[in-house]
Amino acid sequence: MAGPQSDQSKVFNDPIHGHMEMHPLLVKIIDTPQFQRLRHIKQLGGVYYVFPGASHNRFEHSLGVAHLAGELVRALHQRQPELQITPRDILCVQIAGLCHDLGHGPFSHMFDGMFIPKARPGHNWKHEDASVKMLNHLVRVNNLRPVMRKHGLVLPEDLYFIRELITKPQRPERPAWPYRGRPGDKSFLYEIVSNKRNGIDVDKWDYFARDCYHLGIKNNFDYSRCLMFARVCKVKGEKQICFRDKEVGNLYDMFHTRLCLHRRAYQHKVTNIVETMITEAFLKAEGHILFEGSEESMSLSATIDDMEAYTKVTDDVFDQILNSSSDELEESRNILQAVVGRRFYKCLGQAQPTRRVNLEEMEASWEDALARQVPPVLDRGDFFVDVISFDYGMKEKNPIDSVRFYKKANPNRAVWIRRNQVSNILPQQFAEQLIRVYCKNMDPGILEAATKTFVQWCQDESFAML
């Protein structure tokens with residue numbers, strides 16, 4: 001006899017992965033307000049204002065990561081039974097994939113990358129940490145511990161494991177093996193959802209495929225081959241996920257896809273302007289728009305400390321401000337009305353530095369350029385400088401140098417493949433920067449003078465204008 005509806009798996013029809021079957025415990029998690037909140041957070045934030053197809057949300061991405069996490073861990077289990085991957089391991093990895101983005105705020109990376117650093121300077125907060133806090137909250141308020149035990153999880157051990165899969169080790173004071181959820185013999189499991197070693201994980205596999213699909217950008221990376229050719233080998237005594245030697249070109253394509261997405265979409269100049277304007281509106285609304293927490297009403301930036309309040313914080317904050325009528329929100333409302341009316345700040349231009357620079361240095365240099373103007377017609381408050389870094393995910397390093405491969409003739413021996421063994425036309429460098437200057441003042445005379453100042457500034461700094 002079939003069990004009750006809540007104890008059955010469910011099948012989700014996804015445009016990227018097709019039919020995805022979710023374990024009953026995953027369904028229990030999905031059917032909570034804390035997870036359903038992700039339906040109202042755009043995957044790509046302000047990119048939607050540039051690419052009209054980018055309307056997808058964190059909800060479907062999280063389902064996709066859970067699906068791919070299960071696919072990869074089951075493939076390893078089937079290929080290598082000696083790894084002793086258990087049903088508990090599989091379920092925990094899938095839960096981590098499902099819940100890894102629970103902590104995202106409004107407009108995704110805009111919230112933790114732009115808003116929180118300005119609203120709460122010096123507060124070292126990342127959405128991954130909030131994902132763990134939200135998972136703890138979700139389990140507690142929905143009384144899921146008995147359900148987890150019912151489905152074979154061992155608590156609190158498996159909850160430690162799930163948290164570590166999402167963010168960082170629970171015992172950093174033990175450098176030999178800082179993880180609490182699984183022993184060193186299961187080290188490879190920590191590379192599936194969020195791979196700190198080289199960045200090759202199912203989170204990226206899903207968002208590359210999903211974002212390209214919705215952006216209308218061709219994806220040259222085929223994650224299905226990685227699933228097929230993944231294998232665990234020992235590297236210096238530690239078990240790592242390795243790939244067949246012939247897949248090295250496919251992995252270079254993966255990191256090149258990441259670079260292209262950042263260049264063409266995530267760091268598009270209009271995307272950055274839109275997110276800057278929304279951030280400004282949110283900052284001006286601080287303290288004037290409140291969210292009910294577990295003990296008191298809280299400002300937008302304070303909600304990250306209280307998951308009861310944070311559950312209520314989604315992209316809908318934009319519309320709350322836009323449709324408000326209070327005098328306190330007038331400045332914020334005017335900025336968002338400009339966004340809706342596409343009256344965006346203007347980009348004066350972009351340039352490539354010949355040396356590594358930082359934002360503070362460039363802001364000071366630009367202010368010096370404005371101060372040298374005779375007469376001083378430009379107000380420094382009308383401008384902001386942006387320094388954008390593009391890389392393969394590991395700053396100046398080649399991430400493939402941190403990947404190990406195996407050969408068909410000896411599938412249990414991990415080998416390193418150097419870049420010059422692959423091709424002579426692969427990148428020589430793996431990181432670069434762009435500098436952009438934006439102007440808030442729409443006066444044609446100001447824009448003309450500012451553009452001339454930008455050109456002269458680039459010449460003085462020996463920047464290559466693009």
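Tutor: Strand β11 (residues 431–439) is largely enclosed by the rest of the structure, because eight of its nine residues are buried, where buried means under 20% relative accessible area, exposed over 50% and partly exposed in between, with a 1.4 Å probe and protein chains only. This is a predicted model, in which local features need pLDDT of at least 70, side-chain atom pairs count only at pLDDT 80 or more, and totals for chains, interfaces and linings use all residues. Residues are numbered from 1 along each chain as its sequence is written, and side-chain values use heavy atoms, with hydrogens and water left out. Strands are DSSP runs of E of at least two residues, helices are runs of H or I of at least four, and both are numbered from the N terminus.

Two strands pair if DSSP finds at least two bridges between them. Strand β8 (residues 383–391) pairs with β11 in the antiparallel sense over nine bridges, and Val-385 has Val-437 of β11 as its bridge partner. Strand β7 (residues 346–352) also runs antiparallel to β11, joined to it by five bridges; here Gln-350 stands opposite Arg-436.

The loop between α16 (359–371) and β8 holds Gln-373. With 16% relative accessibility, Gln-373 counts as buried. Its side chain makes a polar contact of 3.0 Å with that of Thr-453; a polar contact is a pair of N or O atoms within 3.5 Å, and within protein one must be able to donate a hydrogen and the other to accept it, while residues adjacent in sequence count only if both atoms are side-chain atoms.
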